[in-house]
Amino acid sequence: MMTEVLLVCLIALIAMNVPIAFSIGLSAFIAIFTFGKVPLFLISQRMFTGVDSFTLLAIPLFMLAGSLMDKGGISRRLINLAAAFVGHVHGGLGIIAVIACMFFAAISGSAPATVVAIGSIMIPAMISAGYDKAFSVALLAAAGTIGVVIPPSIPFVTYGISTGVSIGKLFAAGLLPGILMGLCLIAVCYVVSVRNGYIDTSIRTVSRLQALREAIWCLFMPIIILGGIYGGLFTPTESAGVACFYALLIGIFVYKELTFKLIYECLHTAAVPSAMVLLIIGCATAMGWITTAERVPHAVAASMAQFTDSRLAILLLLNVALLFVGCLMELNAAIILLGPIILPMLLQYNIDPIHFGVVMVVNLAVGLLTPPLGINLFVANGLCRSVDFKDIVVKVMPMIIVLFALILVLTYVPAISLFLTRFI
């Protein structure tokens, strides 16, 4: 009964538009208070235990690194680099936006941060060049989802903590799927641009060599982060600290664009979403403790086993469930809540937890594009308020369909995700 009360309260609070962290925490409190099986102070104790982790420091540090790189002029130089190579083709500006998002994803690990950093520059540029406003906003919202797949990825850190899977291997597993996401969106952008005649031959303002020379310091950052992790020089958390230090150095001494005022803004920009994510993780840990004590994961696995014994069918059902959850729940909260529940099922059906971690994150990333949650859509729409939200939803649908197809490929071809993990 405690589980039923927990779920009913959670659904009711979410339906009432209560913030997800408070919905989770209040549901856990009400469930324990109603049945009185354990002391109430255990909720706060479990919340504290959930965030008392060295690994979790990677979340605010990666957010801070991404903010410092954005304010330090990295976004503009990455865009110039992409423009120098692909700016002259059909849909050049759109392709530049997607490539820049892929580069920035290897710095920030956050989808909304990627949308803001690249979209604030590229959306006005695309509109000025004659691109449809709704298409421009939709493309940047879709490209921003790559920010949580290409490593370093905050959701991969969250998944690794909640399931005990190696975060380093998750980072390696996310690289090829993230690149494929970018290529899929580039293909959509190219097709739409050819049909509508979107082309601007005057985009390339600097030579490729000059653009590469200006952006070379930006390109070193993901090499340092990922090379350090895979080379065993430091942990993902330590790499986040190194990334912040590197961003400060090049922002202050190389590009000379970071000031004390901007650094303060970066700290504020990173602190607010980090606090939100950590509060969600703390509350979700308390709820996860209740569901584990009530043996919910085992009950779910058993019921799924009764429904079907096909590994392929189980993967399809999990995909459908994740796509639905992604429409309603914040990505990190969904991972914390569902990760421990799904893990026993994965082991029962001999599904690699690292492979499924990639599938789960990509699945939930698509939820950033689907109302009613659709965080990326709202963030991108905020960068161009003259566009009707319904028009953006219509324009983003082809991109969502392509990403759905990619999810199926990643689900049933695990070698794509697991190939690079063999070298770690």
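Student: Why is E265 called partly exposed in this predicted model?

Tutor: Its relative accessible area is 29%. Buried means under 20% and exposed means over 50%. E265, at 29%, lies in between, so the label is partly exposed.

Student: What makes the contact of E265 and K71 a salt bridge?

Tutor: The N to O distance is 3.8 Å. The cut-off is 4 Å, between a side-chain nitrogen of Lys or Arg and a carboxyl oxygen of Asp or Glu. The pair of E265 and K71 therefore counts. E265 sits in helix 13 and K71 in helix 4, 194 residues apart.

Student: Which label does K71 get, and why?

Tutor: Partly exposed, because its relative accessibility is 32%, between the limits of 20% and 50%.

Student: How do you know that R77 and E257 form a salt bridge?

Tutor: Their side chains meet at 3.1 Å, N to O, and the limit is 4 Å. R77 lies in helix 5 and E257 in the loop between helix 12 and helix 13, so the pair ties together parts 180 residues apart in sequence. The whole structure has two salt bridges.

Student: Why do R77 and E257 get their labels?

Tutor: R77 has 13% relative accessibility. The buried class is under 20%, so R77 is buried. E257 has 23%. That value falls between 20% and 50%, so E257 is partly exposed.

Student: What kinds of residues line the largest pocket?

Tutor: The lining divides into 30 nonpolar, eight polar and three charged residues. The pocket holds about 900 Å³ of space. Among the residues closest to its centre are P112, M276 and E330. Pro and Met count as nonpolar, Glu as charged.

Notes:
Residues numbered from 1 in each chain as written. Predicted model: local features only at pLDDT ≥ 70, side-chain atom pairs only at ≥ 80, totals over all residues. Heavy atoms only, no water. 1 Å grid on protein atoms, 1.4 Å probe; cavity = no way out; pocket = protein on both sides within 12 Å on 5 of 7 lines; lining within 4 Å. Points joined across faces, edges and corners; volume = space filled by probe spheres on them. Helix = DSSP H or I, 4+ residues; strand = E, 2+ residues; numbered from the N terminus. Buried < 20%, exposed > 50% of the residue type's maximum accessible area, 1.4 Å probe, protein only.
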